[in-house]
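Visitor: I'd like a close look at one part of this model, the charged side chains that pair up. Take your time and walk me through them.

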Amino acid sequence: MKGSDKVEMTINIGGEFLKLSADYEQQNLVREAEFAVKKYYNQLRREWPDSSDRQILAMAAYQFSFWYKELLKIHNDAVEIAHNANQILGECLDSDIKP
């Protein structure tokens, strides 16, 4: 198989089996994501034993979404900082070149 090929995978999230198609090169990433959700799901199951599977899945979905939004904000802030630093450096270089 080549890196551009798709592979059919089945993952298990909270006892629900999902079939998906992933890039060949992303198989490990898919399995790591599956493991992270499974680990967090099991943690929530231990902490909230009286909750339904649906409630546990909703809690896990919310938490992963929240973490994603936090990381997206950090990423966007970092991009803005890098852009501003690049502008400042460009201005410094331009002023050094001109007499």
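Visitor: How many salt bridges does the structure hold?

Guide: Four salt bridges turn up in the structure (a side-chain nitrogen of Lys or Arg within 4 Å of a carboxyl oxygen of Asp or Glu). Keep in mind that this is a predicted model, in which local features need pLDDT of at least 70, side-chain atom pairs need 80 or more, and totals for chains, interfaces and linings use all residues. Residues are numbered from 1 along each chain as its sequence is written, and side-chain values use heavy atoms, with hydrogens and water left out. The protein chain averages a pLDDT of 92 (the predictor's confidence in each residue, from 0 to 100), and 92% of its residues score at least 70.

The protein chain has two helices and two strands, and from the N terminus on they come in the order β-β-α-α (DSSP runs numbered from the N terminus: helices are H or I with at least four residues, strands E with at least two). Helix α1 covers residues 27-47 and has the highest mean pLDDT of the elements, 96. Helix α2, residues 53-97, has the lowest, 93.

Asp23 and Lys6 make a salt bridge, with their closest N and O atoms 2.8 Å apart. Asp23 sits in strand β2 (residues 16-23) and Lys6 in strand β1 (residues 6-13), so this pair ties together parts that are 17 residues apart in sequence. Asp23 counts as partly exposed because its relative accessibility is 27% (buried is under 20%, exposed over 50%, partly exposed in between, with a 1.4 Å probe and protein chains only).

Next, helix α1 has a pair of its own. Arg31 and Glu34 both lie in that helix, three residues apart, or about one turn. Their closest N and O atoms are 2.9 Å apart. The two partners sit on either side of the burial cut-off: Arg31 is partly exposed at 36% relative accessibility, whereas Glu34 counts as buried at 15%.

Asp53 is partly exposed, at 44% relative accessibility, and so is Arg45, at 23%.

Now for the neighbours of that pair. Ser51 is in the loop between α1 and α2, and it counts as buried because its relative accessibility is 15%. Leaving out residues up to four places away in sequence, Ser51 touches Arg45, Ile56 and Met59 (a contact means heavy atoms within 4.5 Å).

Tyr41 belongs to helix α1 and is buried at 9% relative accessibility. With residues up to four places away in sequence set aside, it touches Gly14, Asp53, Ile56 and Leu57. Tyr41 and Gly14 are 27 residues apart in sequence, yet 6.7 Å apart in space, C-alpha to C-alpha.

Among contacts between residues at least 6 apart in sequence, 14% join residues at least 24 apart.
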